Amino acid sequence: RYQGLFHRRQAEVAEQYAHLVATRILTPRKIMNEILYGRAADKVFDTIRRAVGQAVEKSVEFVKPVVFLTLGNEKYEDIKRFIIGKLTRIVPRTAKNLEGYMERAMDLERTMANRMKALTPEEFETVLRSAFQEDEWLLILVGAILGGLVGLGQALFMIA
């Protein structure tokens, strides 16, 4: 009767777990901070610089000969570097405006809850086990103590 209660509550547990992850662990702010200041930041900003550089090149493509004649190659490259630098510095400030959009677009909580509900009981258990695996020894210890106390109580009841 009591076995499998955890699996019977899979939908409810999936909702709560997804809410916890979406509101405390994988928030849009934390994701943006990781993108802008984490390990991948250099690659992200290199991509931005490359994209802005290509956009500048494309915007002057038709008038490039005139630009080179009037400004010269060195001045053109200075202006291009200035534009790239300016846009690169703006990105972190404007990223805060993206948090609401990211939350709506990713809809992490609902996506995660739906995917967890669709897992088989074994897969579901594996996913959740990883969340408390570090403290698993404590759960085993508490279970052993409770089991021992119940066994002792039963023995005392049988003797009396």
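1. Helix axes here are lines fitted to C-alpha atoms over the stretch in contact, and the angles between them run from 0 to 180 degrees between N-to-C directions. With that convention, and bearing in mind that this is a predicted model, helix α2 (residues 10–25) and helix α8 (residues 108–117) pack at an angle of about 150 degrees, their axes lying 8 Å apart. The crossing in which α2 passes α8 is right-handed.

2. On the α2 side, the contact is made by Gln 10, Ala 11, Ala 14, Glu 15, Tyr 17, Ala 18, His 19, Val 21, Ala 22 and Thr 23, while α8 contributes Leu 108, Glu 109, Met 112, Ala 113, Met 116 and Lys 117. Sorted by class, the contact of α2 with α8 comprises ten nonpolar, three polar and three charged residues.

3. The buried residues of α2 are Gln 10, Val 13, Ala 14, Tyr 17, Ala 18, Val 21 and Ala 22. Viewed down the axis of α2, these buried residues fall within an arc of 155 degrees, so they line one face of the helix.

4. The structure holds eight salt bridges, and one of them joins Lys 117 to Glu 15, with the closest N and O atoms 2.3 Å apart. This pair links distant parts of the chain, since Lys 117 belongs to helix α8 and Glu 15 to helix α2, 102 residues apart. Lys 117 counts as partly exposed at 35% relative accessibility, and Glu 15 likewise counts as partly exposed, at 38%.

5. Glu 57 takes part in a salt bridge with Lys 64 (2.4 Å, N to O) and also in one with Lys 80 (2.7 Å, N to O).

6. Glu 57 is partly exposed, with a relative accessible area of 21%, and Lys 64 counts as partly exposed at 25% relative accessibility. Lys 80, by contrast, has a relative accessible area of 15% and is buried, because the cut-off for a buried residue is under 20% relative accessible area.

Notes. Residues numbered from 1 in each chain as written. Predicted model: local features only at pLDDT ≥ 70, side-chain atom pairs only at ≥ 80, totals over all residues. Heavy atoms only, no water. Helix = DSSP H or I, 4+ residues; strand = E, 2+ residues; numbered from the N terminus. Left-handed = near helix turned anticlockwise from the far one by under 90°. Contact = heavy atoms within 4.5 Å. Nonpolar A, V, L, I, M, F, W, Y, C, P; charged D, E, K, R; others polar. Buried < 20%, exposed > 50% of the residue type's maximum accessible area, 1.4 Å probe, protein only. Arc of directions from axis to C-beta. Salt bridge = Lys/Arg side-chain N within 4 Å of Asp/Glu carboxyl O.
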